[in-house]
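Hi,

Here is the structure I promised to pass on. Please open it alongside this note; my findings follow below.

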Amino acid sequence: MTTDLILDLYKTTAYQKLNSYYGQSTVFSVLDIERSENRHSAFIAWLVNPASSHGFKEIPLRKLLALIAAKADNQDKCYYPEVRERLITGNYSLQVESIKTEQSIIGLANGQTSPFQDVVEKDSKGSFRKDGNNRFDIWMLLHIKFTDRDDKERQWSLPIILENKIYSMKEA
């Protein structure tokens, strides 16, 4: 009976998809760090940092920004369509102020917690926790400059937060 259930499980599409997904070799599995979120974050931060030694300069970061902007396809997701347009077309100059991993949320807010009421976890007494649960996996502060339609130079500061989830899988 148990053998039949296991064989039935192996035949399901869901099992086959999961087995195929988790059975792939990656650089992380070869290095035996496939479940190490901090190392994944460090790699992603290195990849998108134009100052890194990879030699790609701004290309990975610009591609990421274009992808994020392309996903912000309506007013609910993007309040500044002209900035979105520039990020998609690449028609802007870019300055990276900061790219950090495991950045403390409360530290970024200089100890102010009120702006983060909905994202900062609290302990059993209602105080804000200051441990690893209240950190952004990757924090970036970027500045972009572009000339708008009226030939005025504009500068925008873009805080970017990336949450790296290694135990999640988007269903195909």
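Two strands count as paired if DSSP finds at least two bridges between them. Strand β2 (residues 135-147) and strand β3 (residues 153-162) pair over 10 bridges, in the antiparallel sense. Bear in mind that this is a predicted model.

**The hairpin**

β2 and β3 form a hairpin, with five residues between them. In that turn, D151 has a positive phi of about 60°. Across the pair, M140 has I160 in β3 as its bridge partner.

**Helix α6**

Which residues of α6 (residues 81-89) are buried? They are V83, R86 and L87. These residues cover an arc of only 100° around the axis, so they sit on the same side of α6. In general, an α-helix has 3.6 residues a turn, so residues three or four places apart point the same way. The face turned away from the buried side of α6 carries P81 and T89, both exposed. The cover over the buried residues of α6 includes α5 (59-71), β2 and β3. Just after α6, G90 takes a positive phi of about 80°.

**The core**

The largest nonpolar core has 18 residues. L65, L87, M140, L142 and I144 touch the most other members. Two or more residues each come from α4 (37-48), α5, α6, β1 (93-104), β2 and β3. β2 gives the most, with five residues.

What does L65 touch, leaving out residues up to four places away in sequence? Its contacts are L87, Y92, L94, L142 and I160.

Best wishes

Terms used. Residues numbered from 1 in each chain as written. Predicted model: local features only at pLDDT ≥ 70, side-chain atom pairs only at ≥ 80, totals over all residues. Heavy atoms only, no water. Helix = DSSP H or I, 4+ residues; strand = E, 2+ residues; numbered from the N terminus. Buried < 20%, exposed > 50% of the residue type's maximum accessible area, 1.4 Å probe, protein only. Arc of directions from axis to C-beta. Contact = heavy atoms within 4.5 Å. Core = buried A, V, L, I, M, F, W, Y, C linked by side-chain atoms within 4.5 Å.
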